[in-house]
Structures are given as C-alpha cells and as structure tokens.
Amino acid sequence: LRYLKSKFGALAYPISMVWVLLTKKQKKVAIQLDNKKDIETKWAIFLNTKHYAGPYELSKETRLHNKEKIVVIIKGINWKKGLLSLLKKGPISLHNILKTELHTYRKAIIKTKNIPIQLDGEYYKTTPIIITQDQSIKIV
C-alpha cells in the first residue's frame, strides 16, 4: 500500500480495495450488530464519516455525533457505474461503484478469528474484536 500511496496518493485505497476484491480468495467473516443475527461477508468497512481514504464518498451520511455508527457491507463491484464514474471529473462516490449494504450499530462483534484489522490504514490487531461507536476500523 505504501508504494501505491507514493504513486497514486489517496486513490491508492480504492485501487487496493478493488485489487483485493478481484484477486484474493477471502474468508467469510461473521459480524454481529447489536446482538442481532450475524451478517456474513468477505469485506466490511466500519466508519463514522461518509468518506473513506480522504475524498472518496462511501456513505451518503456522516455519523460523527450520532450514537449509532455505520458499517458498509461490500457485496461486489458495479462495473458499468465504476467505469462511467472514472470517466467523469469530480469526486468519486464509492457507494455508486460498489454494491453495498449499509447497517447502523452501537456495538459490533467480529466473531471470525485471525482476520487482520486496520485502524485508519495501519495494522491494529486480529479478530475476534468488539467495535463500539467511537472506533473506526475495517476488515482486510
């Protein structure tokens, strides 16, 4: 990622995300939100703002001061919208390119073991982990 950041700046984050989605066989991750039924996914991003990696909009709302935060479950890539958005000038809205589900939570538990977690782009620890509303981490 450091090499990509040196060459592409903030664009390195969505490039690496798409690369991983396309090339890596990923383990399914079980996430429980607010003691409800588990959600199974290969990729999720927990956030409290609408932006990811600087200028890239991933959610249409910000939750900095709300009690509930947002988890974005990424289901795949919308290739047509993705290619069209790259041809346009202006900010890139990742929520238009990626097929996503948005969920709110106060407490999330990532149950699957041995998944590395990043906190603001840096390695944090491995799962299982409990995420409360004042943390912003992602599953990698």
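Reader: What share of the contacts in the protein chain with a separation of 6 or more do residues 24 or more positions apart account for?

Author: In this predicted model, residues 24 or more positions apart account for 54% of those contacts. The protein chain holds 4 helices and 12 strands, and buried residues make up 39% of its 140 residues.

Reader: Why is E101 called partly exposed?

Author: The relative accessibility of E101 is 30%, so E101 counts as partly exposed. Buried would require a value under 20%, and exposed one over 50%. E101 belongs to strand β7, residues 98–105.

Reader: What makes the link between E101 and H103 a polar contact?

Author: The side chains of E101 and H103 are joined at 2.9 Å, and the cut-off for such a pair of N or O atoms is within 3.5 Å. The pair therefore qualifies as a polar contact.

Reader: Which residues is E101 in contact with, leaving aside its neighbours within four places in sequence?

Author: With those neighbours left aside, E101 is in contact with V71, V72, I73 and K75.

Reader: Which residues touch the most other members of the largest nonpolar core?

Author: This core has 15 residues, and those touching the most other members are I31, L33, F46, V71, Y105, I110 and I131. Two or more residues each are given by β1 (29–33), β3 (44–47), β6 (69–77), β8 and β11. The largest share, 3 residues, comes from β1. A second, separate core comprises 10 residues, including W43, I45, I77 and I97.

Reader: How do you know that strands β8 and β11 pair?

Author: Strand β8 (residues 107–110) and β11 share 4 bridges in the antiparallel sense, whereas pairing requires at least two bridges. The two strands therefore count as paired. I109 stands opposite I130 in β11.

Reader: What makes β2 and β11 edge strands?

Author: The open sheet of 4 strands runs in the order β2-β1-β8-β11, with antiparallel pairing. Strands β2 (38–41) and β11 (129–132) each pair on one side only, and are the edge strands. On average, neighbouring strands of this sheet are turned by 25° against each other, direction ignored.

Reader: What does the accessible surface of the protein chain come to?

Author: The accessible surface comes to about 8600 Å², and 54% of it belongs to carbon and sulfur atoms.

Technical notes. Residues are numbered from 1 along each chain as its sequence is written. This is a predicted model: local features need pLDDT of at least 70, side-chain atom pairs count only at pLDDT 80 or more; totals for chains, interfaces and linings use all residues. Side-chain values use heavy atoms; hydrogens and water are left out. Buried means under 20% relative accessible area, exposed over 50%, partly exposed in between (1.4 Å probe, protein chains only). Contact means heavy atoms within 4.5 Å. A polar contact is a pair of N or O atoms within 3.5 Å; within protein, one must be able to donate a hydrogen and the other to accept it, and residues adjacent in sequence count only if both atoms are side-chain atoms. Accessible areas come from the Shrake-Rupley method with a 1.4 Å probe; for residues, only the protein chains shown count as cover. Axes are lines fitted to C-alpha atoms, for helices over the stretch in contact, and angles run from 0 to 180 degrees between N-to-C directions. A nonpolar core is a set of buried Ala, Val, Leu, Ile, Met, Phe, Trp, Tyr and Cys residues joined through side-chain atoms within 4.5 Å.
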